[in-house]
Amino acid sequence: MNPALSVIAFTTLSGAGYGLMIWLGILLPFHRQPPLPPQFGWVALVLAMALVTVGLLASLAHLGHPERAWRALSQWRTSWLSREGVAAVWCFVPALGVLAVLLGYAPVGWLVWLGPLMSLSALITVLCTAMIYASLKTVPQWRDWRVLPQYALFALASGAVLLLPILNWAAPELALKMPTTTAQAALLIAFAMRYWQRRQWRDVETAPSLAAAVGLPGAARARVFEGAHTEASFITKEMVFRFARKHADTMFFTALLLGAAAAGGLLEMASNQGSGLRFGFAFAALCAYAGIFLERWLFFAEARHVVSVYFERR
Amino acid sequence: MTALPAQTTKKLGLLIDLDICVGCHACAVVCKEWNDGGQFGPLTDNDSYGAKPAGVWFNRVHSYTVDPSVPLEPLEPARACGDKAIPISGPAGRLGLSLHFPRSCLHCEHAACVTVCPTGASYKRAEDGIVLVDYDKCIGCKLCSWACPYGAREYDETQGVMKKCTLCVDRIYNTTLAKEDQQPACVLACPTGARLFGDFADPDSVVSQRSRERDGQALLPELGYAPTNRYLPPRPRRDGPDTPAKPSESLDHQELPSVLRWLDRVLSR
């Protein structure tokens, strides 16, 4: 599949925003000791909402008719894309509610239900995004049970990593051991799961044979003799995206290096420094995002659509 | 509404005979021509005479070769009716078979391109099963093209919407056309008669009968989209060595008129 920048930006940025919301929805009402500084909550939440909004705007950018995007909220009965749209819009309701509490416009007691509601809504939105891909029978690599937990884990990991520089800025005196371990674990589990999935799919022949795809008996062998068109078509540009496995492995290794190793190491160093403003947290967040961005690029680029079988010269 | 109709009254579709398709692309070209004009046109082209021409087509014809060295097994029961072997190719060393494969929308019964549509722009008609796009509602998200394993949907860069074969819905019900012209343009244009249009829900229709007789194949049935269109596989080919035509013809002198008999005698000298 063609790795479109708008879709990668959307899934990673809004994923980070929703991940942040999931953590905040639990942390803000239920965290007791040490007390969180007052400005932490609303700054983090505004950042989460900004990331989600930028992500959603990026997803609108790849539409042929962005002005008609409101129509996409109508078909939630059958379409995961529509469900995602509805969930994404709904998610702003509890998020604005939490923000109202944090800014003093609503009773503090409401946080106990508004927070978890925001977490749940954000999680559902991320899972709807994952289902858009996991429901496509035409892309076997995506029709894998691991795609759903992977999207949730990458959202949680990027949210946890983002939380740290904000916490550090709001309360420089805290060492942040516990949230650091959480972020490291989330990153490690997410990338490990992705590694496992990639390993399993790399040698699997996902497509039917060309002969079977044109209705010839099973053992027949057919190959491309002359293409249907001399230039690229929409189908070949969008669906028949291939690049060398050698490069894919290098890219995935880079993603692991940035997203798991570098980010995890920087977090470790920053949390060990004890107290004070530590830029290691911010650099860790940048590294993690770069790693997740690369991973998401590969998620699309390595996925092989069934229609490729009609085009590929083997 | 992107929910699929539980059942359609008719199942209009195409029966494409891969045995006699010669790969002339007339169906693709006439499709482009008709749909540039009719109710659903135009199918835009970009950079038509430039270095990288691109455009929307509803119908594309691929050309393949079938490897002659593989001995073919009989069709599996799941893929065909009966247990006839279809020896598509002869023994090794002989020429392979060229196979021309026109690819267009198969108007699936379980059309995933319709159910994934977030706007309701894609729909399947309950009366005849034709899958259409409402170009005024489509937001151009392209997800339907991802959901289609047959590559039937193409995005129109100029108009920002997804386009697909309409089964010439603006011809088949068009009573201003002569009765025999109320068929998809590709069917009328095919010089070998490799394309037939009809109702697959009616077991007595020509397309249903022909499909039964020759093991009409639904493409990629394992994906579960239940395409309406059927493809007829190539007929059995001769399997023995070719017997060359006799080099000399026999001419019966007694049956020729006298003038020709004289001419034959003169020329044979």
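Which residues in α5(A) meet which residues in α6(A)? Point 3 gives the answer.

1. Ground rules. This is a predicted model, in which local features need pLDDT of at least 70, side-chain atom pairs count only at pLDDT 80 or more, and totals for chains, interfaces and linings use all residues. Residues are numbered from 1 along each chain as its sequence is written, while chains are lettered from A and ligands numbered from 1 in the order in which they are written.

2. The helix pair. Helix α5 of chain A covers residues 147-170, and helix α6 of chain A covers residues 177-201. Helices (H or I, at least four residues) and strands (E, at least two) are DSSP runs, numbered from the N terminus. The two axes come within 8 Å and cross at roughly 150 degrees. Because of that angle, α5(A) is roughly antiparallel to α6(A) (the term applies to angles over 145 degrees). Axes are lines fitted to C-alpha atoms, for helices over the stretch in contact, and angles run from 0 to 180 degrees between N-to-C directions.

3. Who meets whom. From α5(A) come A:Pro149, A:Gln150, A:Leu153, A:Phe154, A:Leu156, A:Ala157, A:Ala160, A:Val161, A:Leu163, A:Leu164 and A:Leu167. They meet A:Pro179, A:Thr180, A:Thr182, A:Ala183, A:Ala186, A:Leu187, A:Ile189, A:Ala190, A:Met193 and A:Arg194 in α6(A). Contact requires C-beta atoms, placed from the backbone, to lie within 7 Å. By class, this contact has 17 nonpolar, three polar and one charged residues. Ala, Val, Leu, Ile, Met, Phe, Trp, Tyr, Cys and Pro count as nonpolar, Asp, Glu, Lys and Arg as charged, and the others, Gly among them, as polar.

4. The chain interface. Here 47 residues of chain A are in contact with 55 residues of chain B. On the chain A side, α3 (80-102), α7 (210-213), β1 (222-226) and α8 (234-239) each supply at least two residues. β1(A) gives the most, with five residues. The chain A side divides into 24 nonpolar, 14 polar and nine charged residues.

5. Pairing across chains. β1(A) also pairs with strand β4 (residues 60-66) of chain B, in the antiparallel sense, over four bridges. Strands pair if DSSP finds at least two bridges between them. A:Ala222 stands opposite B:Val66 in β4(B).

6. A sheet in chain B. Three strands form an open sheet in the order β10-β1-β11, with mixed pairing. β10 (195-199) and β11 (230-232) are the edge strands, each pairing on one side only. Five bridges join β1(B) (residues 12-17) to β10(B), and these strands run antiparallel. B:Ile16 has B:Arg195 as its bridge partner in β10(B). Helix α6 of chain B (residues 206-213) packs on the sheet, touching β1, β10 and β11.

Key
Parallel < 35°, antiparallel > 145°, perpendicular 65-115°, else oblique. Contact = placed C-beta atoms within 7 Å.
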